[in-house]
Amino acid sequence: MSAKILAPSPLSVERSLEDMPACVRSVRELIRHFSSRTFDPPPLNPRRRVVVTGLGMATPLGCGVDTTWRRLLEGRCGVRKLSLSDLRMEGFDEATIMHTYDQLASKVVAAVPCGKEEGEFDEKRWLETKEHKSVARFISYALCSADEALGDAKWHPNEPESKERTGVSIGGGTGCISDILDAAKLICEKRVRRLSPFFIPRILINMAAGHVSIKYGFRGPNHSAVTACATGAHSIGDAMRMIQFGDADVMVAGGTESSIDALSVSGFCRSRALATKYNSFPEVASRPFDCGRDGFVIGEGCGILILEELDHAMQRGAKIYAEIRGYGMSGDAYHITQPHNDGRGAILAMQRALEQSGLLSSDIDYINAHATSTPLGDAIEAKSIEYVFANHATSGALALSSTKGATGHLLGAAGSVEAIFAVLAIHHGIAPLTINLEKPDPCFHGSFTPLTASKEMPIRASLSNSFGFGGTNASLLFTTPP
């Protein structure tokens, strides 16, 4: 028969401690004393300044920063008619493909132009090699844009320490949905064994950052934000803070997206988010702030910035485009797809970016608005901007535009591509126009109205807004180089 073990009562424990020799009691009291001590506060490190030293992008206007920027200022548009090949349904029969196409209410897209000509994305270089079976299109856009940005920054470190102080922060919105559709088809056809072993690595959104990190040997922070249409902005803001806190000296940061496929377009059509009135006239379908807007044009692409600690950049003689000084975030806490009518989320994001930067609202010269061409969202953002910037906005001193008229809505890449536009506005002293703006929304009045032509002007500070499904908001604030 096993013995029954009874737990000692608190009273018996107290008596046993009293019966212990004084030396034993003193040791126990000493242990108790040190175990209850709190640590000193962590060291206070001064917040490090962060600058932009390199840019890279692939957009519906073209592949490369120079091409995209030039075409944007020229008022050109990257929106075209949806084609059957855009659906990416290679494994399906022709009847199914045609039926799917016919069922889509929106038949306009903003795709990255592909080919071997200047300003086109070379698919064979980034996608069609044996070494890149695990590379989906959104990853290839990131690899292409990162390659351009690193070359622009002239940052190709060989020393292990430099690689350990260089990180990657590249997010995405949806990943590779077309691969998921293909995989689901295999299951329905009971051909699971034909599923590619690269299926999971191709759809994971963090693999864009992973591939860039692996290609260049960057062992610093490896991070991916996934915050819908605010992804690109959050990825840049998070990277800025990693440098400020000393986690890295250099960060490759931005957002990427490849969202033009049957399932993605169908899903957004069903949510009634896409433009449908201009299927016969694709180039005028994306019309931010215009009274005739009826939804956004789905787009894809990538924008990458090289962020760098100021002293690090100056010591190596890097070209500095701008300083990133503010990163404001907020949540609407209201609805999964719609902002609240009071625009409080957008207001908080802009105000927090201003507070962090130490600037006044009157110091901002240009705003690249999120304005996607949806009836509700554009008007609420406009009212939020007027609330934050007040007399500065209504006086006409504040230049405002949405570049989505030219690029469509790049979802997870929108924030980073538009952040680059905000940086280039400072660098070149030009505020880009809003195309397709024929009759501005009634919320605009007097001198408070978006630009309909690019405007040469001194731009010392610019703001880029990004808002996403789920009520997530981000504002990035850039200024002239120190």
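Modeller: What follows is a close look at one strand, with its setting given before and after.

The model is predicted, and residues are numbered from 1 along each chain as its sequence is written. Local features need pLDDT of at least 70, side-chain atom pairs count only at pLDDT 80 or more, totals for chains, interfaces and linings use all residues, and side-chain values use heavy atoms, with hydrogens and water left out.

The setting comes first. The protein chain contains 17 helices and 16 strands; these are DSSP runs numbered from the N terminus, a helix being H or I with at least four residues and a strand being E with at least two. Its C-alpha trace spans about 95 × 65 × 50 Å along the principal axes. Of the 482 residues, 56% count as buried, that is, under 20% relative accessible area with a 1.4 Å probe and protein chains only. Among contacts (heavy atoms within 4.5 Å) between residues at least 6 apart in sequence, 78% join residues at least 24 apart.

Which strands pair with S16? Strands of a sheet pair through backbone hydrogen bonds, either parallel or antiparallel. Here two strands are counted as paired if DSSP finds at least two bridges between them. Strand S10 (residues 322–331) is an antiparallel partner of S16, with eight bridges between them. Within S16, alanine 474 stands opposite methionine 329. Strand S15 (residues 461–468) also runs antiparallel to S16 and is joined to it by eight bridges. The bridge partner of serine 464 is leucine 476 in S16. S15 and S16 form a hairpin with three residues between the strands, where glycine 470 takes a positive phi near 90°.

Phe478 is among the residues with the most contacts inside the largest nonpolar core, together with Leu55, Leu305 and Leu307. A nonpolar core is a set of buried Ala, Val, Leu, Ile, Met, Phe, Trp, Tyr and Cys residues joined through side-chain atoms within 4.5 Å. The largest one has 56 residues, and helix H17 (residues 414–428) gives the most to it, with ten residues. Leaving aside neighbours within four places in sequence, leucine 305 is in contact with Phe478 and with others, including Val52, Leu55, Ile236, Met251, Ser416, Ile420 and Val423. A second, separate core of 36 residues includes Ala58, Val135, Ala146 and Val252.

Helix H10 (residues 207–216) is mostly covered, with eight of its ten residues buried; among them are Met207, His211, Val212 and Tyr216. The buried residues of H10 pack against several elements, including helix H6 (137–153), strand S5 (166–172) and strand S7 (250–257). Glycine 217, which follows H10, has a positive phi near 75°. Elsewhere, an open sheet of three strands has the order S3-S4-S8 and mixed pairing. Its edge strands, S3 (80–81) and S8 (298–299), each pair on one side only. S3 pairs with S4 (residues 108–110) in the antiparallel sense over two bridges, and lysine 81 stands opposite valine 108.

Definitions and conventions
Buried means under 20% relative accessible area, exposed over 50%, partly exposed in between (1.4 Å probe, protein chains only).
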